[in-house]
Amino acid sequence: MRMNNLERNKYVCEQIENAVLKLLQQKELNAISIKEITEEAQVSRVSFYRNYDDKEDVLKTYIGRMVLTWGEENKERFDKAKAESGNSNLMLSELFSFLKSHEDLIQLLQKRGLFDIFRDSFLELYGPKPEYPNAGAYLSAFFFYGLYGWIEEWVKRGMQESGDAMVQLFTQMNH
């Protein structure tokens with residue numbers, strides 16, 4: 001089957017991302033060379049640099065797309081639930097469940113000291129924006145960093161609770 005340029009590039013990116021994730025299971029990111037990645041992915045060095053700035057950019061892109069896709073797939077449900085009940089429990093439950101479903105990746109990032117890549121991707125998509133008025137930006141930052149703190153501590157403790165259990169704990173603390 002012949003692929004057009006867009007399909008070919010998507011395939012190359014998937015190969016590179018999978019290679020980085022596979023190699024990351026074996027060793028630290030700073031110990032992985034671009035040559036190892038391209039050999040594992042069976043792509044050229046040119047293909048790597050056409051799509052990514054560096055090794056960390058591969059992870060940022062992968063995680064950013066993962067989080068963005070999750071948000072887009074659930075946006076209507078979240079908006080509807082918030083409009084009907086006035087709270088964000090569904091979003092929180094789905095967020096923790098989503099993270100739990102990617103537990104291997106999340107724990108790998110934590111183990112390798114790369115969990116800040118998740119934070120930065122999540123912050124870029126769901127944190128305060130420059131166009132927000134000051135009070136809105138402060139409130140958004142307060143909520144974002146508070147929730148991120150919960151996520152980070154949950155990950156450090158081995159993600160023992162389910163998404164629903166985390167929402168229960170979160171809700172209990174807010175009353």
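Predicted model: local features only at pLDDT ≥ 70, side-chain atom pairs only at ≥ 80, totals over all residues.
Visitor: Why is Ser140 called buried?
Guide: Buried means under 20% relative accessible area, exposed over 50%, and partly exposed in between, with a 1.4 Å probe and protein chains only. Ser140 has a relative accessible area of 15%, which is under 20% and therefore counts as buried.

Visitor: Where is Ser140 placed, and which residues is Ser140 in contact with, leaving aside its neighbours within four places in sequence?
Guide: Ser140 lies in helix α8, residues 134-156, where a helix is a DSSP run of H or I with at least four residues, numbered from the N terminus. Leaving aside those neighbours, Ser140 is in contact, meaning heavy atoms within 4.5 Å, with Tyr126, Gly127, Pro128 and Tyr132.

Visitor: Which residues of helix α2 are buried, and what puts them on the same side?
Guide: In α2, residues 34-41, the buried ones are Ile34, Ile37, Thr38 and Ala41. They cover an arc of only 90 degrees around the axis, so they are on the same side of α2; the arc is that of the directions from the helix axis to the C-beta atoms.

Visitor: Which exposed residues does the face turned away from that buried side carry?
Guide: That face of α2 carries Lys35 and Glu39.

Terms used: Residues numbered from 1 in each chain as written. Heavy atoms only, no water. Helix = DSSP H or I, 4+ residues; strand = E, 2+ residues; numbered from the N terminus.
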